[in-house]
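Please examine the sequence and model below.

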Amino acid sequence: MIEVKNLTKQFGHHLAVDDISFSADKGEILGFLGPNGAGKSTTMRMITGFFPPTAGTVIIGGSDIQTDSIAARRKIGYLPENAPVYPDMTVSRYLDFCAAIRGFSGADKRQRVGETIERCFLGGVRQQSVSTLSKGYKQRVCFAQSILHDPEYLILDEPTDGLDPNQKHEVRLMIREMSASKVIIFSTHILDEVDTVCNRAIIIAGGKVVADDTPDGLRRRSAFHGSVALTLTGDAIDAAKARLEEMAGVASVSAVAHDGDRCTLRIFPDDPDVPIADRIITAVGDDDGLRIASIFVEQGRLDDVFRDITTG
Ligand SMILES: Nc1ncnc2c1ncn2[C@@H]1O[C@H](COP(=O)(O)OP(=O)(O)OP(=O)(O)O)[C@@H](O)[C@H]1O
């Protein structure tokens with residue numbers, strides 16, 4: 001369990017993190033979202049003991065990051081923003097060095113490093129100097145050092161930043177695979193990533209937690225959640241629209257696009273959780289010459305919800 005209580009960070013007169021509290025348990029993959037400068041990296045730096053908070057506490061598996069720092073940090077794997085890795089070392093030497101710092105030696109160390117290199121697909125560059133690696137590979141090397149000791153708590157600051165789509169996919173898979181036995185917190189600007197990887201999302205804006213929900217729960221906050229986009233072709237669209245407006249369970253119908261004899265209607269239900277698409281198809285089907293070109297039930301888009309929440 002990770003417990004963050006009333007965490008606050010003041011840089012001079014600037015309040016970067018303002019009284020953040022949350023806790024996360026094993027199996028949770030917690031996405032940290034927020035606009036630029038919201039306070040995500042600062043929060044992660046305090047959680048990992050990179051710098052102390054102005055106020056508040058962080059307890060990692062029972063160990064306080066400030067008063068029992070070494071015990072707390074032993075349990076953490078941390079991928080900082082921009083993947084700081086020693087440029088003059090080879091990949092193999094760097095991971096060897098990280099493993100030694102983590103207390104591994106001899107055959108155990110060799111095995112850890114070997115397995116991690118394999119797991120992070122770094123075999124092809126293991127003897128290459130870090131300074132000659134591409135941005136994506138540097139990111140992978142830094143990711144490798146964060147999981148080397150199989151930590152229970154994994155704090156990843158934009159882990160897929162700079163990776164190509166295949167590498168992004170691999171990292172997301174790895175995060176999901178590891179999640180059962182860990183608490184994983186990672187920040188990202190990619191909302192799709194939250195959907196595919198996380199089972200919980202915290203949105204931070206202006207240093208405060210402004211939403212804490214499942215990705216599905218966030219989507220349900222969209223004004224469009226449960227609405228139906230219906231595209232019709234034919235002459236009798238106005239009659240169909242009138243009929244839909246009278247239908248039980250429909251709150252409103254609006255024409256959102258019109259092109260010749262083709263029209264898209266957006267139908268808002270009274271209750272977004274009561275499906276109405278079947279009844280819409282039946283109601284429209286009564287009109288001669290009218291054809292349904294497409295029908296789509298909107299689940300709500302995370303980027304719309306994110307914008308609404310973070311811009312107030
Ligand atoms: N060491 C520092 N000294 C002074 N101000 C800082 C320091 N570190 C961060 N800040 C400020 O704190 C605020 C939060 O920064 P932080 O890096 O945590 O944001 P973020 O949410 O991670 O942003 P991004 O998505 O752009 O990475 C910003 O206004 C930033 O300028």
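Leu-154 stands opposite Ile-184 in strand 8. This is a predicted model, in which local features need pLDDT of at least 70, side-chain atom pairs count only at pLDDT 80 or more, and totals for chains, interfaces and linings use all residues. Residues are numbered from 1 along each chain as its sequence is written.

- Strand 7 and strand 8 (residues 183-187) run parallel and are joined by five bridges; strands are DSSP runs of E with at least two residues, helices are runs of H or I with at least four, and both are numbered from the N terminus.
- Strand 6 (residues 76-79) also pairs with strand 7 in the parallel sense, over four bridges, where pairing requires at least two DSSP bridges between the strands.
- Ile-76 stands opposite Tyr-153 in strand 7.
- A right-handed β-α-β unit is formed by strand 7, helix 6 (residues 165-178) and strand 8; right-handed denotes a clockwise path from the first strand over the helix to the second, with the strands pointing away from the viewer.

**Burial**

- Five of the five residues of strand 7 (residues 153-157) are buried, so this strand is largely enclosed by the rest of the structure; buried means that 20 or more other C-beta atoms, placed from the backbone, lie within 10 Å of the residue's own.
- Tyr-153, Ile-155 and Asp-157 cover one side, and Leu-154 and Leu-156 the other; all are buried.

**Nonpolar cores**

- The largest nonpolar core has 64 residues, of which Leu-95, Val-141, Ala-144, Ile-155 and Ile-184 touch the most other members; such a core is a set of buried Ala, Val, Leu, Ile, Met, Phe, Trp, Tyr and Cys residues joined through C-beta atoms within 7 Å.
- Helix 5 (residues 135-147) gives the most to this core, with six residues.

Key:
Buried ≥ 20, exposed ≤ 12 C-beta atoms within 10 Å, placed from the backbone.
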